[in-house]
Structures are given as structure tokens and as C-alpha cells.
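Hello,

Here is the structure I promised to pass on to you.

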Amino acid sequence: MAEGLTIFGKEVFDTLFIDWKIMVPVAIFSIIVFFVGLYLQLNKWGQGIPEGATKPLGAWGTLKLIVHKIFERGIGPALGIIILDGLFQRRTWRRRKTEWVMHILIFWGYFGLFILTVVAAATEFYGPFVLNETPGNPQLFVQTFQALKPLNLLFAAMLTLGIIIAIIRRLAFADVPPARFTNVDWIAIAGLSIVIITGFLAFYLRLDVYHVPGRELVSAYESTAPGFFGNITVVFHEVFTLLFCVAYLPFSKLFHMFVTPLVIMIQKGGYVQVNA
């Protein structure tokens, strides 16, 4: 019978939908590859600074330069730019409203799901290690998972709608000719589509086929819903999501969702003052 992972006498990952022996190695691998990719990107950006300018030393120097540029005018102006141009993409709104809606839905759908995943993962450890929950009684994580379920569905729906708009816009709108729909675009959209489709399918299997309404102990799945724990569709969704949305992110077209707002913040925002 499958159990959770014991760390310093505390049991975690005892309510996963797949075996932690699959989930944990894939998650660790994905995080390592993500940071390697981020390092390579920062190093590449540093090399792209024009000749004659002071070049930062490697990836760390580039990161320090980016932070310095963003907060060059102080925390207040920087926060305004981060919120208006980074999180709400003011420049895109002024340029094309449909493009803004698409970007906001994809950005916040993706980012929102990421935030909820981090929150859930934090409670997975907070309960046993801080609240001293007894093994086999992961109440904080179970309650948090239930509370976050509506937001998870909301962000998933946003991401789905954003991808639909992206496909329609690329294929039908005059301002975005189909010739610009590159292989890189298709890879990003296909990958996200697989994540979404398998995610909703796993959700359907959990609720309507195996009747698992929320998080339970792995032992409970095996006794009350035989065949659900480690279901191949659920395993594929969890593993593919980690590899595509985490490991592959710094190398993918999706990375521009974060790079473009970052460039705007470095350039001091989307507001352009017009002199009369």
C-alpha cells in the first residue's frame, strides 16, 4: 500500500493523486532545469548589451542590473510600473484591446495556477512541520485544497479562453497574419492545450468516474476508489505539466509573458509623456 514521504519523522505527500516516487523526482528535475534555463537566459541577455556599455559579469550581474534599472527611480515609481505595466500590461491595452484580453487571460491563468500550486505545496509542509499534525491527519492541506478549488477552476478557465482567443486571433484577425503563426507558437499553444485538456479530463475522472471529491490519504484512495490512484491520465497530466510549464518555460515562447513586462519595467513603463 502506497504511503507518503517521511522527512525527519514527518509524513508529507500522503494525499497526492499519483505516487510521490514519480512526482517528487520529476518536480525536482523540472525546478533544476528551470533555473538552468533562467541562468542561460540571463547570461545571454548580458552578452547582448551594446558594445561600449558597461557589461554585467554573467547571469548574476545581469540580474543585478535588471533590478537596479527597475528601481532606479525609487520603490514607489517602480511599484507603479510593476503593477500597471507588468501585471496589467498597460501598453498592450493602449495598442490592441483584443491582444490585451488574450495576454491577460493567459498570463493570469498561468500565473494564478502557479501561485495556487505554491500555496498548496507550502501547506503540505506547514501542517506537519509547523502545526505538528500527526501522521495520517493532513487537515490543513485538505482544507486548503478544497478552499482553492474554485480559484483553480477560474484560472484554468481563463487560460483556456486565452488560448482560444490566441488561436482565433492568429488565424482570423487581419492585424496578425497567419504567416506569423510560427512553429514556436504552435508548440506553446499545443503544450498548453495538452495541459488543459488532460487537466479537465483528470478532474472529470476524479469526480464523475471515481467519485473522489477532495484530497484523502493514499490508503483511502486505494480502498474507496480502486484504480484512481496512479491513473495513467492523472499521472500524464501531472508529469507533463511539470515538464512543460516549469522545466521548458525558460526555453519556450511562453517565457515572453514574463520577459515582455520585465523589459517594459526596465524601460520605465508604458506611459509616454507627450509635450504640447
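Predicted model: local features only at pLDDT ≥ 70, side-chain atom pairs only at ≥ 80, totals over all residues.

The protein chain holds 10 helices and two strands. Reading from the N terminus, the order of elements is β-β-α-α-α-α-α-α-α-α-α-α. The chain has 276 residues, and buried ones make up 43% of them. If you take the contacts between residues at least 6 apart in sequence, 68% of them join residues at least 24 apart.

Now to the helices, starting with H1 and H2. Helix H1 covers residues 20-47 and helix H2 covers residues 58-70; their axes come within 8 Å and cross at roughly 75 degrees. Angles of 65 to 115 degrees count as roughly perpendicular, so H1 is roughly perpendicular to H2. On the H1 side, the residues that meet H2 are Tyr39, Leu42, Asn43, Trp45 and Gly46. Their partners in H2 are Gly58, Ala59, Thr62, Leu63 and Ile66. Sorted by class, this contact of H1 with H2 has six nonpolar residues, four polar ones and no charged ones.

H2 itself has 13 residues, and from its first C-alpha to its last it reaches 19 Å, close to the 18 Å expected at 1.5 Å a residue. Which residues of H2 are buried? They are Ala59, Gly61, Thr62, Ile66 and Ile70.

The axes of H3 and H10 come within 9 Å and cross at roughly 140 degrees, and H3 passes H10 in a right-handed crossing. Ile81, Ile82, Asp85 and Gly86 are the H3 residues here, and they meet Pro261, Ile264 and Met265 of H10. The contact of H3 with H10 is made up of five nonpolar residues, one polar and one charged.

Phe251 sits in the loop between helix H9 (232-247) and H10. Is Phe251 buried, exposed or partly exposed? Its relative accessible area is 42%, so Phe251 is partly exposed. Where does Phe251 make contacts, leaving aside its neighbours within four places in sequence? Phe251 touches Val33, Gly37 and Leu40. The C-alpha atoms of Phe251 and Leu38 are separated by 8.5 Å, although these two residues are 213 residues apart along the chain.

Most residues other than glycine have a negative phi. Phe8, however, has a positive phi, near 50 degrees, and Phe13 has a positive phi near 55 degrees. Phe8 lies in the loop between strand S1 (5-7) and strand S2 (10-12), whereas Phe13 lies in the loop between S2 and H1. As for accessibility, Phe8 counts as exposed because its relative accessibility is 79%. Phe13 has a relative accessible area of 17%, so Phe13 is buried.

I hope this helps you find your way around, and I look forward to hearing what you think.

Best wishes

Definitions and conventions:
Residues numbered from 1 in each chain as written. Heavy atoms only, no water. Axes fitted to C-alpha atoms, helices over the stretch in contact; angles between N-to-C directions. Helix = DSSP H or I, 4+ residues; strand = E, 2+ residues; numbered from the N terminus. Parallel < 35°, antiparallel > 145°, perpendicular 65-115°, else oblique. Contact = heavy atoms within 4.5 Å. Nonpolar A, V, L, I, M, F, W, Y, C, P; charged D, E, K, R; others polar. Expected span 1.5 Å × (residues − 1). Buried < 20%, exposed > 50% of the residue type's maximum accessible area, 1.4 Å probe, protein only. Left-handed = near helix turned anticlockwise from the far one by under 90°.
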